[in-house]
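Colleague: Could you take me through the surface and the interior of this model, with the cut-offs behind each term?

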Amino acid sequence: MAVDRERVSALVRELLEAIGEDPDRPGLRLTPERVADAYSEFFAGVGEDAAAPLARTISVTRGPAPETLPSGAVMMRDIRFRSVCEHHLLPFRGHAHIAYLPGEQVVGLGALPKVVDILASRPQVQERLGEQIADVIATSLDTRGVLIVLDATHECVTMRGGQQADASTVTIAARGELADPAARAELIALLGSRE
């Protein structure tokens with residue numbers, strides 16, 4: 001579902017009037033359209049199928065080592081994301097770290113950031129975003145376990161309220177074998193490692 005740009009623009013104009021501004025003054029004249037353009041990007045994931053990027057998988061048993069199944073995790077660190085908090089409609093942004101224990105099928109690594117992007121491009125809360133990423137990967141791929149760690153800075157914390165400019169929020173979502181804290185400890189340790 002595409003963002004209704006005309007409606008967003010009209011509502012932003014009304015918002016500017018509601019805060020006591022003149023939407024026709026030179027600095028604000030194009031603001032309603034600019035916000036509509038931004039919202040089209042910010043909320044492009046609304047109504048999109050987050051599992052679609054995971055539809056094409058790769059068999060690990062149909063290759064040079066057909067008797068070999070992956071024994072360890074596939075991990076992608078530092079996937080940048082941005083979203084908009086549904087509580088204040090202020091942005092939050094950070095990094096997603098994804099690990100999964102594959103079965104016979106794996107997915108092209110470029111698909112994982114696409115899943116994050118689709119789910120983050122909706123009004124969100126960080127806690128739910130991590131859970132949704134974990135659910136999509138766990139249900140769409142042949143996995144034995146999934147671990148999602150999100151580390152993000154929220155403008156509702158840095159710019160208002162307590163105004164904690166350096167505060168970040170870390171959330172963890174896990175499925176399958178990686179739901180066991182001992183099983184995921186090694187992967188969480190790898191997040192801090194840069195060797």
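Colleague: Which residues make the nonpolar surface patch of about 240 Å²?

Modeller: This is a predicted model, in which local features need pLDDT of at least 70 and side-chain atom pairs count only at pLDDT 80 or more, while totals for chains, interfaces and linings use all residues. Residues are numbered from 1 along each chain as its sequence is written, and side-chain values use heavy atoms, with hydrogens and water left out. Patch residues have over 30% relative accessible area (Shrake-Rupley, 1.4 Å probe, only the protein chains shown counting as cover) and no salt bridge (a Lys or Arg side-chain nitrogen within 4 Å of an Asp or Glu carboxyl oxygen), with nonpolar side chains (Val, Leu, Ile, Met, Phe, Trp, Tyr) joined within 5 Å and like charges within 9 Å. The patch is made by V170, I172 and I188.

Colleague: Is I172 buried, partly exposed or exposed?

Modeller: I172 is found in strand β7, strands being DSSP runs of E with at least two residues and helices runs of H or I with at least four, numbered from the N terminus. Buried means under 20% relative accessible area and exposed over 50%, with partly exposed in between (1.4 Å probe, protein chains only). Because its relative accessibility is 43%, I172 counts as partly exposed.

Colleague: Why is helix α3 described as largely enclosed, and how many of its residues are buried?

Modeller: The buried residues of α3, among them L112 and V115, pack against α2, β2, β3, β4, β5 and α4, contact meaning heavy atoms within 4.5 Å. Helix α3 is largely enclosed by the rest of the structure because the buried residues number seven of the ten.
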